[in-house]
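I'd like to walk you through one protein chain, starting with its overall layout and ending with a few side chains. Please have a look at it first.

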Amino acid sequence: MTEQTAKKELPACPVETTLTLIGDKWKVLILRDLMTGTKRFGELKKSVGKVSQKVLTAQLRDMEANGLVHRKVYAEVPPRVEYSLTELGQSLKPILDAMQNWGEGYKASLHQ
């Protein structure tokens, strides 16, 4: 995706742009799990939850195309692929931290 194409496809609203890039349930969970470091596909599939292999693959490819995730393929048999966050992906940490804090506060408010 070229820079011009990306600018044409992204919404004018910055909040909507963010939601376009990470608004899917699985993408947020993938980001959460990659914040701790590099993971292989199987590790992500286990940690993310009840996501199908097809959907996880599609989400990872989309995030890679958007510059959030780096995919490293090792020339081995069987092939080994590792995923990690790019610098841009790492920059989402404050957003995920805020989501975690809000979720914890919400859960706590239900038990009062």
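I'll go from the whole chain to the core, then to charged pairs and the surface.

First, some ground rules. This is a predicted model, where local features need pLDDT of at least 70 and side-chain atom pairs count only at pLDDT 80 or more, while totals for chains, interfaces and linings use all residues. Residues are numbered from 1 along each chain as its sequence is written, and side-chain values use heavy atoms, with hydrogens and water left out.

Let's start with the overall layout. The protein chain has seven helices and three strands. Those are DSSP runs numbered from the N terminus: helices are H or I with at least four residues, and strands are E with at least two. If you read along the sequence, the pattern is α-α-α-β-α-α-β-β-α-α. The C-alpha trace spans about 55 × 35 × 25 Å along its principal axes.

How much of the chain is buried? Of its 112 residues, 27% count as buried. Buried means under 20% relative accessible area, exposed means over 50%, and partly exposed is in between, with a 1.4 Å probe and protein chains only. In total the chain exposes about 7900 Å², and carbon and sulfur atoms supply 56% of that. Accessible areas here come from the Shrake-Rupley method with a 1.4 Å probe, and for residues only the protein chains shown count as cover.

Now, contacts, meaning heavy atoms within 4.5 Å. Among contacts between residues at least 6 apart in sequence, 46% join residues at least 24 apart.

A nonpolar core is a set of buried Ala, Val, Leu, Ile, Met, Phe, Trp, Tyr and Cys residues joined through side-chain atoms within 4.5 Å. The largest one here has 20 residues, and those with the most contacts inside it are Ile 30, Leu 31, Leu 34, Leu 60, Val 69 and Tyr 83. Which elements each supply at least two residues of this core? They are helix H3 (25-34), helix H4 (41-48), helix H5 (53-65) and strand E3 (80-85). The largest share, six residues, comes from H3.

Take Tyr 83 as an example. Leaving aside neighbours within four places in sequence, Tyr 83 is in contact with residues including Leu 34, Phe 41, Leu 44, Leu 60 and Val 69. Next, look at Ser 84, which lies in strand E3. Ser 84 is buried, with a relative accessible area of 18%. With neighbours within four places again set aside, Ser 84 is in contact with Leu 34, Thr 38, Leu 68, Val 69 and His 70.

On to charges. Side chains of opposite charge can pair when their charged atoms come close. We call it a salt bridge when a side-chain nitrogen of Lys or Arg is within 4 Å of a carboxyl oxygen of Asp or Glu. By this rule there are five salt bridges.

One of them joins Arg 32 and Asp 33, at 2.8 Å from N to O. Arg 32 is partly exposed, at 41% relative accessibility, whereas Asp 33 is buried, at 9%. Another joins Glu 82 and Arg 80, with the closest N and O atoms 3.2 Å apart. Glu 82 is buried too, at 18%, and a network of salt bridges links Glu 76, Arg 80 and Glu 82.

Then there is the pair Asp 97 and Lys 93, at 3.1 Å from N to O. Because these two are four residues apart in helix H7, about one helical turn separates them. Asp 97 is partly exposed at 30%, and Lys 93 is partly exposed at 39%.

Let's stay with that helix, H7, which covers residues 93-110 and also holds Trp 102. There is one aromatic pair in the model. The rings of Trp 102 and Tyr 106 have their centres 5.3 Å apart and their planes at 10 degrees, so the pair is stacked. For the cut-offs, rings of Phe, Tyr and Trp (its six-membered ring) pair if their centres lie within 6.5 Å; planes under 30 degrees apart count as stacked, over 60 as edge-to-face and the rest as tilted. Trp 102 and Tyr 106 are four residues apart in H7, and therefore separated by about one helical turn.

Are these two buried or exposed? Trp 102 is exposed, at 61%, and Tyr 106 is partly exposed, at 42%. Together with Leu 110, Trp 102 and Tyr 106 make a nonpolar surface patch of about 390 Å². Patches are made of residues with over 30% relative accessible area and no salt bridge, where like charges are joined within 9 Å and nonpolar side chains (Val, Leu, Ile, Met, Phe, Trp, Tyr) within 5 Å.
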